Structure formats: structure tokens, C-alpha cells
Amino acid sequence: MSDIEPSYIEFLKTESSNLWYIVDSNVRDTGSEDCYICREGKDNTNILLGSNNTSNAVWNVQISSDGLAFIRELDEERRLNVSFTLQALGYYANFKDNLYIFKCTHASFLTTSRSSIQFYVTSGGRQTENINVSGKNLTGDITVEISGDGFSVDKDSISKDEASNASVAVTYTGETNSTGKLTLKSDGCKDVVVALSAEIIEESPDFQFSSSEGDAYFTGVSSTYGTFPTLLYKGENVEAGAVEYSSSDDMIATVDAETGKVTAHGVGDCTIVAKHRANGLKTSYTLNVTDKMYVRLKNVGDITSGEYVLIGQKAEDSFGLFDFDDYNEKTYLFGYTKSQTSLNDLIYGTCVTTFLEKDGDYYRIKGHDNLYVGLLDESKSELNVSQVLVQNARMMTLLIDENCCFALLDDNKRYFAPTSSDTGNGWKMYTEGFVFNKGYSLYLYRQALHVSSVTGRKLVLAGEWNSDVFSSIMDGCPEAAWIDLTSVTGMPNNVTLPSRENCIYVVTRDAFEKLKNTSNVVCEGKAEKIELTDGESPFCAYESFTATNVSYNRNFSGTTSTICLPFSCDIPEGVDVYEMTAFNDGHTVEFAKATSIEAYKPYIIRTTGTAFLNLQSGKNGNYTFPAEPEEMSVSYDALSFCGTMSRQELRSDEFTKYYGYSSGKLQYVGVGKVGYVNPFRAYFVERSNDDLKTVDIVLYDVPASIESTEVGRAGFVDVYSIDGRLIKASVEEKKATDGLDKGIYIIGKRKVLVK
């Protein structure tokens, strides 16, 4: 809970019931002081309320890191006490029709992104560091104060209306070491103090980085990809362990103290410092971290509909960016922005982008306002261009030469390129004779591989393929178990995806066959083979898919254990599987033999060896993996039998008790202790004041689908319990199950399951 701001809770109205329920713990203004808590009837809400007649009791609301609310009764003081961490949020105001209503206190508070700032500068040098400021529910503006020799700020106040997303730039300029403080103040809030420290680096020509700057690519998650200078001591590479590295801002990038390996965590600049352990020499470089990196494309097949950077060459050392939004209606030229004098395969920074829209074998050029490149007058040899609607867009084919230079050519053999003379600064259509290098003057760049979105363990990637960037992304997301590559372009035919246990890769139908046939690769909802491995690695199915072959590699000891699979299948030979059917009198949990295995349903299993290896020929020739549901449990009364696809932490408290299962018995996880259950297994959850540590687990070798006796059958029967006790004597068979608890009985000469 330390990463959640200690303020009031937001409540939103439901569409269906006009009641209110807790949706998250983000700090926002709901626009009303009245907030409502609705008692939900579903088991999966994780909102625990007492019975209606306890509405005057004291309750406590705790918010977990995933935003779920736990409401618990505390005492009998006729009020609802809502608290978050250590701060009181509100008080009970009313109770009506299962609605708990309380007044929300709008606490004011002030925070910063950094608690300290370290500056490393050469004597007389200058360094600026930014710090983010956030103020909530402020009654007044923020005052910014700075102290310490050599320190300054870019502002002395922040308006309360801008305080939710503000920043302060702190600069140090000086010739000596210095310390200081940045203090932020606002009425009703505790002062926020940021410690400042500046250290003068006396650089030596014997100990320097090969460059004063480095570039790192923040892919959307923590990343180690970039271009970094080499550290040299007397012209040679520094020996391992001889240097200690540090970063001026760990929010932007961290650096391994021993190796100097940089990991980017956000966009911005910071200083990477190296200190020689033997002689104390220090040197540094400025690291520029960007979330934009553009990769040069070298194959026509890689050019699909998407966002690109277009660079035109006018001479050997002159390149210009195409800017669709910069159009001159007098000269009929699109914008030309001079770029660097040489092209690299990687471009860091913010470039002007436009869109190529593919239509069959043709392409259209489109700007961000959905206008296209079109012709102004087709009668001239040098055709002027204009911004037009899609129906008037110029259709062009894309050519490439042996130097990987592109050309956009229309049906009239006109090329789209920058003007060929220094006097013309713009792009238009040209005949071949007027275009440098016979028209092959276009370089195409696309945003490099990056993380488009992260949802739970689902990772969606986009951009141009780069194996090194991909490895960095995977290293930065060790918990990702569903990797969507359908928006990635330029994947080579020989690409090999890294093996990660139970991880699913989703690719497009254009992927080459070898990749489609690789284990755990899904294409258009189908997989050739899914290999699941026992251990701690999670499995996630964010979309339904089918697999021709499935294997689940797990060794069973021969005693009973639990299992929960993400696909449905028949029960292999030599395996007994049991499903939960009853929880009687709070002392006996009954299981009956299952006839098949359903996806995401927990079972107790008895087998030896590896029972689920190389399953083939499922229903209709395939095994179906449904999208993972919110619930994987079977419940009777206060006891739930829950499956899991990930390593599940079990923590009991006085209201909720967790139990593992081992050797035929429940294993209670005591309060203050922590238990774990690995993926593809199950555990028990009990929400009552009962003690289940001595409960019996009973496995009946009778199908759970057995039905009760047929009504109207003639004759009288005796009814026995499964352990041989006489329950009823000489009763009509059609009334034999009346009044019986859930469970399995011997009625006449048959086993009967009462549900």
C-alpha cells in the first residue's frame, strides 16, 4: 500500500442498479461529499459487509494495492469509520436499503517525485534537474523556496489550479561543493523538503568517457537498450571492479555500481558518474533518455500502413525531413526541415512523422489531420502538390535500389522528393531527370519496437522489430505471460522468440510458417502446440484460442494433490479426478469422481508420473483454451475451492482463512504467516469464524453426475450413509432423498448423490 496516495477513495455509480460501489483507490474529486458503499451479492467483489442489523457498528475500510476494498466491522459505536492507511477519511452519516453512506473528508496534501537531488558538475559548470510536483485538494498556491550556494529555481510559486501536474527546474552553477534545500509550502499541507547536494568533479584527461553524452531508449518499460560511451583510463578500457558508478536521478535511469550497465526508467536527462576506486578520479556523461527511437527500413515488404519519418536526400551531405503540416500555398511545397548531415540506422529524439497508407500495391501519404498528398495541376512537367481529401490522393508505388534507398513513383513516372536546388526548400513531384540519384532519394524510418500497452501480464508491442530491443523489453517485464506481436513489423524469417515457461506469443497471419509452428505461438486464434511446464511461471489466456497438441509437464507423487488446467480434456487412463460437491456441517468436504476435466475448474487428482504429456485429438481435433475468467472457484456455504494460473500468495486474517492441500488434508496458513500455491493448482478459502483445521476431505469413487432415484418407482428402500450407518428404514423410494443433507448415500442397492 505504500505506492498509493493516502487520501480519500473514489466511488462511481453503477449503470444497472443506481447504487454505488468502490472502483479504485485513485485520488480524484468525485464532485460530491456524499459517497455510498453498496453491499454486493457476488462472491468476487471482495467487499465484505456484515448483516443489515449491524449497520450501526463501526466499520473499517482498507484498500489493497490492486484497488479492492475490504470493509470490516470493528466495534459498536454507531458510526461508520472509513480509514485509509493511517489517515481518517470520513464518518458514518446514514444507512438505508443496504447502502452505507459516509461523508468523505477531502484531505489536502503535497508530494514530489524526488526526495533528494544530486548534482555532478565540473568547476564553473552548470546542471539542471527537474522534479515533478503534485498537489491535491489545495486551498492555496504552492510557494517554492530555495537555499544553498549556487542553487536556483525557475519559479517561486505554483498556482493551486496547476498543482496536480507541475514541475520545478532546479539548477546548480558553481565552483565548490554545496548543499541546500528545496522547500514547497501550501496552506493546510505539511512542508515538503527536497535535499540538494552538488559535487564538483575535477576531471583528468587520463580518466574520461569516450563521449560527453549517451542515449538510452525507454521502450515503455525499464530498458537497457541505448548507445553509451566507453570509459577509458589512460586510453585503455577500465578493468572490472576498478570503478564505482552512480546516477544523478534514479527515476530517469539507474546504473549498476560495478559494471556501469544503464537501465532507463523514464524520459529525461540525468548524469552518469564514474569514480576510480584507486585514485579517486571522477568523470561523467549526460544521459538522454527518450521514448522515441526511429529505425531505418531497408525492405519494401516491411512498409505497411503506419506512421513513418520520411527523409529526402538533396545532396551527398544534405537531408531533409518531410513535414506534411508545413504547407506553403504560394509555392505549393510541403515543408522541408534540414536534418543531420549523415544518416544513422538509429535516430534518437523527436522527429516529424507522417503516415503511409497502403492500398494493394499502392501507397498514399497522409498527414495527422487526415488530408493527403495530391496534385494541384497535372498539366505541368513539374507537378505542384497540395493537401487533398482521400478521393483525390495521389496513388504511388514504392521502389527500392541496391543501396536501400526508396522512391515513391506515380503512374505518370513522377517522383515525390525534396526540391533539387538549394533555393527550393520543400517537397513536390518531379520527373526523373530533376531528382537526385534518379529519384531514389527517400529514406524511411519507423518508430522502433516499443511497448504499446501493459495490462496485467499482457504485453502489447508495436513498431519495427529489433532483437536487442525485444530482449531488453523482455528483461524489463519478467512477469509478462502473454506477448502480443500483431502490431510489430519487420520480423525476419529466421527470428527465434525466447523460451519463457508458459508464455504465449501472438503473431499475425503474415508470420512465416516456422514461427507459427513453434510451441506456445498463437496465430489467428490457433496454436500448433502448447507446452505448459510445472513450476512458478504463470499462464495467462487473454483471448480464447485452440491448440492441436497440448502437453503439461508435471510429476505426480501418487498421493492426492490439486490441479486446475486452462483447457478442457478427457481424463487420462490411470488418473482419478475429483470435484467438490458438498461442505457438510462445517466438518466434511465431499468430493465425487469427475467424468472429464473442465477448463479453469479446480480438482483433486490422484495419479503417478506425468499424466498430461502429449495430449492429442481433443474435441473436434483441438483443445480449447477459453479466455481466463475472473473466478476459478467452486463454493459451498462459506468454503471456496479456488484454482490459480499464477503463483498465489496465501495470507490469513481473522476474517478470511486460507488453506493449502497436501497429503489428503487441509494445511492452514496461520495469521502472520505466508503460504504459496504454484500455478495449475488449487487452495481453499473460508470466510467464517469456524475452524477448519480438523476438517475431513472425503473422496467418493462415484461420479458427481449421478442422479437421484426416479420418482414413482415402486417399492420401499433403506437409506445408508456412505460409511454404512442406517439413516432411514423402509421408506418410499421416491421420497428417500427428502430431508437429506448434500452428499452420497446408499439407497436400496444404488449410490445416489444428493446435491
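Which residues do ring pairs link into a cluster? They are W482, F539, Y542, F545, Y552, F556, F567, F612, Y623, F625 and F680. Keep in mind that this is a predicted model.

## Around strand β17

If you want a spot to look at, find S116, which stands opposite A195 in β17.

β17 also pairs with β16 (residues 178-185), this time in the antiparallel sense and over seven bridges. Here T179 stands opposite S197 of β17. β16 and β17 make a hairpin with six residues between them. In that turn, G188 has a positive phi of about 85 degrees.

## A four-stranded sheet

Next comes an open sheet of four strands, in the order β9-β11-β15-β13, with antiparallel pairing. At its edges are β9 (109-112) and β13 (151-153), each pairing on one side only. On average, neighbouring strands of this sheet are turned by 25 degrees against each other, ignoring direction.

F151 stands opposite Y172 in β15.

## A five-stranded sheet

Another open sheet has five strands and mixed pairing, in the order β20-β19-β27-β26-β23. β20 (226-227) and β23 (243-247) stand at the edges with a single partner strand each, so one side of each has no neighbour in the sheet.

Within this sheet, β26 (residues 268-276) and β27 (residues 282-290) run antiparallel and are joined by eight bridges. One thing to spot there is I272, whose bridge partner in β27 is Y285.

## Rings and charges

Across the whole structure, a search finds 29 aromatic pairs. One of them is F324 with F334: the ring centres are 5.1 Å apart and the planes sit at 20 degrees, so this pair is stacked. F324 belongs to strand β30 (residues 318-328) and F334 to strand β31 (residues 333-338), 10 residues apart. F324 counts as buried at 2% relative accessibility, and F334 does too at 0%.

F567 and F625 form a tilted pair, 5.2 Å centre to centre with 40 degrees between the planes. F567 is in the loop between β49 (556-563) and β50 (576-584), while F625 is in strand β54 (residues 623-625), 58 residues apart. Both F567 and F625 are buried, and both belong to the ring cluster we opened with.

Some rings have a charge over the face. K366 lies over F355, at 5.4 Å from the ring centre, and R446 lies over Y308, at 5.6 Å from the ring centre.

Definitions and conventions:
Residues numbered from 1 in each chain as written. Predicted model: local features only at pLDDT ≥ 70, side-chain atom pairs only at ≥ 80, totals over all residues. Heavy atoms only, no water. Pairing = 2+ DSSP bridges. Helix = DSSP H or I, 4+ residues; strand = E, 2+ residues; numbered from the N terminus. Axes fitted to C-alpha atoms, helices over the stretch in contact; angles between N-to-C directions. Phe/Tyr/Trp six-rings, centres within 6.5 Å; stacked < 30°, edge-to-face > 60°. Buried < 20%, exposed > 50% of the residue type's maximum accessible area, 1.4 Å probe, protein only. Lys NZ or Arg CZ within 6 Å of the ring centre and 35° of its normal.
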